[in-house]
There are 4 protein chains.
Amino acid sequence: MISPDADFKQRTLDSFAKQPAMATLGVTVESVEAGRVVLALAHCADLTQQHGFLHAGMVATALDSACGYAAFTLMPAGAGVLTIEFKINLLAPARGPLLRCEGVVTKAGRTISVVDGQAYQFAPGSSERKLVATMTATIMTVTGRDDVRH
Amino acid sequence: MISPDADFKQRTLDSFAKQPAMATLGVTVESVEAGRVVLALAHCADLTQQHGFLHAGMVATALDSACGYAAFTLMPAGAGVLTIEFKINLLAPARGPLLRCEGVVTKAGRTISVVDGQAYQFAPGSSERKLVATMTATIMTVTGRDDVRH
Amino acid sequence: MISPDADFKQRTLDSFAKQPAMATLGVTVESVEAGRVVLALAHCADLTQQHGFLHAGMVATALDSACGYAAFTLMPAGAGVLTIEFKINLLAPARGPLLRCEGVVTKAGRTISVVDGQAYQFAPGSSERKLVATMTATIMTVTGRDDVRH
Amino acid sequence: MISPDADFKQRTLDSFAKQPAMATLGVTVESVEAGRVVLALAHCADLTQQHGFLHAGMVATALDSACGYAAFTLMPAGAGVLTIEFKINLLAPARGPLLRCEGVVTKAGRTISVVDGQAYQFAPGSSERKLVATMTATIMTVTGRDDVRH
């Protein structure tokens, strides 16, 4: 995929850095390409549910950000990004220690984009990985609204 | 709706208290009835995205918990609750100051339950409220698994 | 809810009449109000799956139409309606003999509307009804496209 | 993927043949592998909506069947298959002339399977194809119920 904005990578990193929720949860950027963003999240006891797994909402948060920013890379400079809706399927308990969340644009539209995401968990140094969740997100390109900008 | 477990309220509160993620995000219990759970979340800068709204994932986290626990109230004692999947539609930016997340069981099945959730924002003392998100969650009753218990 | 188009009812009936799929499946209009449309579908052996229930896709088709037209009633004259996505939960087998599909607008936006739908089955003359499916649909208002008009 | 049932292919074809809805809509089987089923649907004026495109519900019906049968191939002999829920994103108008619907199992569980589907349209003899819809379906393996069998 090709972005209409040569500066899409820096623009995406700058917007990500403005999300306090990402810092609070410890989500970091692994890679930003045109139409594909990968985020990482380390297992953290503060973000677990009653069985000691990462709360489904935390997986959803990281996946939603990966999906939203994947769409954002293909938007024109100055546009804002909003998630209209997403669906997540939780396939396995998120036990950690590391979670990688990847969002890939399936369709980039002028107003509406559809992005598919996958969350894998793995151990550092291991080549094994386990799919723990999949997401489909519908993302809107917003222009001309002062409260929704990059 | 009627719970098969006379002690469902305390059982639900106990399980909720074991979720570190709820404390981390500041989610609290407003009410627990058979088939209906209401949680509350105060706007908090640490949980916002780049436009200053509550991150969609935070709204999803609170709504998922409300939906999961609504199903949990109708489960037999000793059962565990797992979210299989959910879909969330984000209808308006979550500006705060307060968010109320309500989960109501639409269908309680032996294995699979379907729960609908709504998130409203409002100001203390005001009678106005605004619908910011809706969710449909598919929840599983888990028995006989040591790693998934109330 | 109030439609910006005084003629919304006739406009909706006219559009529905132009859908060959509705005639093929035997879907009929029960009522059209601003923000709410009810369609009906009789059980028909030609539309069943291997267990003799109405195929999930048939329930989805009628519910999607009810949801899309519910949003359509609130659109300005001349606009076209497109379903961006929907999710359906199937709560009980659709055994018939009659299925009523109701779509109600949850949020009417300028570009994006969210509509919730419910499908009930019942027998003629009986006051009992059973919820067999729920839907949430995201609907787009389309203007300025010659191939997508009322 | 490997099926626990050596006879999965014939079992799937037999079940498909028992779905009157598939014959009514003109859906045919292109291929059946363990964990993957491809169905085909020709554009047909009787199944269109008001703009002349295939009705979204028809695309959903064929995709749901492809997803359900993909899960079915991995079930033990004697099990029944039920769709619990699905979500579909409609990416482009289904203009035809041919639609190919592919369901691939993402996770095969003992009780719950998750299947992802894609619908492509193309012209006979052309190597071009266009993605018109994607689906994620949650499918249940049903045993011990007389009304839900292969």
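Author: The following account takes up the interface of chain A and chain B, then that of chain B and chain D, and lastly an aromatic pair.

The model is predicted, so to speak of local features requires pLDDT of at least 70 and side-chain atom pairs count only at pLDDT 80 or more, while totals for chains, interfaces and linings use all residues. Residues are numbered from 1 along each chain as its sequence is written, chains are lettered from A and ligands numbered from 1 in the order in which they are written, and side-chain values rest on heavy atoms, without hydrogens and water.

Chain A and chain B each bring 42 residues to their contact, where contact means heavy atoms within 4.5 Å. Together the two chains bury about 3000 Å², and 56% of that lies on carbon and sulfur atoms; buried area is the accessible area (1.4 Å probe) that two parts lose on being put together, summed over both. On the side of chain A, the residues that lose the most area to chain B are A:Q50, A:H51 and A:F86, which together account for 19% of what that side buries.

Two salt bridges cross between chain A and chain B, a salt bridge being a side-chain nitrogen of Lys or Arg within 4 Å of a carboxyl oxygen of Asp or Glu. A salt bridge joins the side chains of A:E85 and B:K87, at 3.0 Å from N to O. The interface of chain A and chain B also has 20 residue pairs in polar contact, both residues at pLDDT 80 or more. A polar contact is a pair of N or O atoms within 3.5 Å; within protein, one must be able to donate a hydrogen and the other to accept it, and residues adjacent in sequence count only if both atoms are side-chain atoms.

In chain A, the elements giving two or more residues to the side that touches chain B are α2 (20–25), α3 (56–72) and β3 (80–90). Of these, β3(A) provides the largest share, ten residues. Helices (H or I, at least four residues) and strands (E, at least two) are DSSP runs, numbered from the N terminus. By class, that side of chain A comprises 19 nonpolar, 14 polar and nine charged residues. Here Ala, Val, Leu, Ile, Met, Phe, Trp, Tyr, Cys and Pro count as nonpolar, Asp, Glu, Lys and Arg as charged, and the others, Gly among them, as polar.

Chain A is superposed on chain B by a rotation of 180 degrees with 0.0 Å of shift along the axis, at an RMSD of 0.0 Å. The two copies are thus related as by a two-fold rotation axis. The C-alpha of chain A nearest that axis belongs to A:K87, 2.0 Å away. Superposition is by least squares on the C-alpha atoms of residues with pLDDT of at least 70 in both copies.

In chain B, 55% of what its side buries falls to B:I84, B:E85 and B:I112, which lose the most area to chain D. There are zero salt bridges between chain B and chain D, and zero residue pairs in polar contact, both at pLDDT 80 or more.

Finally, C:F86 and D:F86 form a tilted aromatic pair, 6.1 Å centre to centre with 50 degrees between the planes. Rings of Phe, Tyr and Trp (its six-membered ring) pair if their centres lie within 6.5 Å; planes under 30 degrees apart count as stacked, over 60 as edge-to-face and the rest as tilted.
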